[in-house]
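Welcome, and please open the model in your viewer. We will go from stop to stop, selecting a few residues each time and looking at what is there.

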Amino acid sequence: MEKQTDILIIDDEPQLRQMIARLLQAEGYEVTQAADYKSGMKCLEKNLFPLVLCDVKLPDGNGVDICLEIKTRYPTTEIILLTAYGNIPDGVQAIKNGAFNYLVKGDDNNKIIPIVSSAMDKALMVSKVAKKKNGLAGSYIFNDIIGASPLIFHAIELAKKVAYTDTTVLLNGETGTGKEIFASAIHNESSRSRKPFVAVNCSTFSSEILESELFGHKAGAFTGAIKDKKGLMEEADKGTLFLDEIGEMPAMLQAKLLRVLENGEYLKVGDTKPQKADVRIIAATNRNLQDECEKGNFRMDLFYRLSAFQISLPALNDRKQDIAALAAYFIKYFAAKMNRPCYEMDKIFLKRLEDHNWKGNIRELKNVIERAMIICDGEQLTVDCLPFEMQSANNQQQLFDAFDLAGIEKKHIQKVLLHTKGNKTETARLLNIGLTTLYRKIDEYSIKSSGE
């Protein structure tokens, strides 16, 4: 993951400002200096700094007030306030105004580097979350793929080698192993990176709708087709088309896709004139396509075309040494998204993560961390923040009587309802239970959700 290293220091004391700058530069950060509020804001107008260190008392302004202005104008920028004379009211107001931290000069010098590192991590994550909200999700590179285990390292190395070609790629792996991230990274490291990356899940649509989505249609091709429609094949022109869950593609569409791979041509629905397709195909499946071919569910000739270069993505259970790094990444992600601290994981919490059987792979781990961040009341993520089935080393080791279990479950549901502001559909998703089950438990425990 590329690290943003620009830091702006706003302080009217030259010696102290330069001393902090040298300290940060020694850690590899690029530092810009400003002596007052006016020049500092000019620097921000020219360059969006991930992190600002600002003195509280400036000749032309108050750092606590400036903090609010910076956060209002540049919400992804983190701010650490520096003061010669710390006082509790200023510190409280600084945090309310959006400051990441509030340090006393001299007393807290030994804390600067670790706090700056934490603030930079949060700034990077906030920026990434903002990009996803603005529709820029899917812009992954290989540095975004977390893990150093031999299996994931091998998969990354294969992906890097094939990225610079136009070869069709087949990604094999269980659901939740990160196939779309790999596909996006391959595209972004290829010669097609400046052209569109278009993704579609083949299991989402019926055969008729999927055909129209992929290949487009002519006006009048069917009831409701009142005008010509571009298909994703056309949208991805000169770029990459990612076909997720390719094993779910109906047989008739498999034949049309085979034609694209063989001669770069396809027909829109209701058209008789072939269209040319200049797209790179990356496909993914959680099925064994060779078995599907033998069962008659998938075309053997299409399989051979798609599998010119196969990459197998390991299940999370096969790369458990990566769990700590993945969990730390998701903690930072949700800290930025929820505006909460980047909690540390205690040893038992991490041990439970490493011992768990991850049937849902990385996607399941992400959901567990999201729930833990919501539940956490202290300064660390502890075993109490985990789902009930993960809280003990085995199901027999930690026993609750019915009253205790009901009380814990009620409190857990109340916390999640509070976090979602009473949104029961989102609450059910986070709890990983059905909506009907949630309503039954709300009634059983006489829970009043937010807004009721």
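Which element gives the largest share of the lining of the largest pocket? It is H13, with seven residues. Before you select it, some ground rules. This is a predicted model, in which local features need pLDDT of at least 70 and side-chain atom pairs count only at pLDDT 80 or more, while totals for chains, interfaces and linings use all residues. Residues are numbered from 1 along each chain as its sequence is written, and side-chain values use heavy atoms, with hydrogens and water left out.

**Stop 1: the largest pocket**

Select Tyr140, Ile181, Phe330, Arg363 and Lys366, which lie nearest the centre of the largest pocket among its 34 lining residues. Two or more lining residues come from each of helix H7 (179–188), helix H13 (323–338) and helix H15 (361–375). Helices (H or I, at least four residues) and strands (E, at least two) are DSSP runs, numbered from the N terminus. The volume of this pocket is about 900 Å³. A pocket here is an open set of points on a 1 Å grid over the protein atoms alone, where a 1.4 Å probe fits, with protein on both sides within 12 Å along at least five of seven lines; lining residues have an atom within 4 Å of a point. The volume is the space filled by probe spheres set on the points, which are joined across faces, edges and corners.

Colour the lining by class and you will find 14 nonpolar, eight polar and twelve charged residues. Ala, Val, Leu, Ile, Met, Phe, Trp, Tyr, Cys and Pro count as nonpolar, Asp, Glu, Lys and Arg as charged, and the others, Gly among them, as polar.

**Stop 2: the second largest pocket**

Now move to the second largest pocket, with a volume of about 670 Å³. Phe100, Lys122, Arg340, Pro341 and Cys342 are the closest to its centre, out of 24 lining residues. Helix H5 (112–136), H13 and strand S15 (344–345) each give two or more residues to this lining, and H5 gives the most, with five.

**Stop 3: aromatic rings**

The whole structure holds five aromatic pairs. Rings of Phe, Tyr and Trp (its six-membered ring) pair if their centres lie within 6.5 Å; planes under 30 degrees apart count as stacked, over 60 as edge-to-face and the rest as tilted.

Select Phe303 and Tyr304, a tilted pair with centres 5.8 Å apart and 50 degrees between the planes. Phe303 counts as buried because its relative accessibility is 4%, whereas Tyr304, at 55%, counts as exposed. Buried means under 20% relative accessible area, exposed over 50%, partly exposed in between (1.4 Å probe, protein chains only).

Next, show Tyr333 and Phe334, an edge-to-face pair at 5.0 Å centre to centre and 85 degrees between the planes. Tyr333 is buried at 8% relative accessibility, and Phe334 is buried at 2%.

**Stop 4: strand S10**

Finally, select residues 240–244. Why is strand S10 largely enclosed by the rest of the structure? Five of its five residues are buried, so the strand is largely enclosed. Thr240, Phe242 and Asp244 are buried on one side, and Leu241 and Leu243 on the other.
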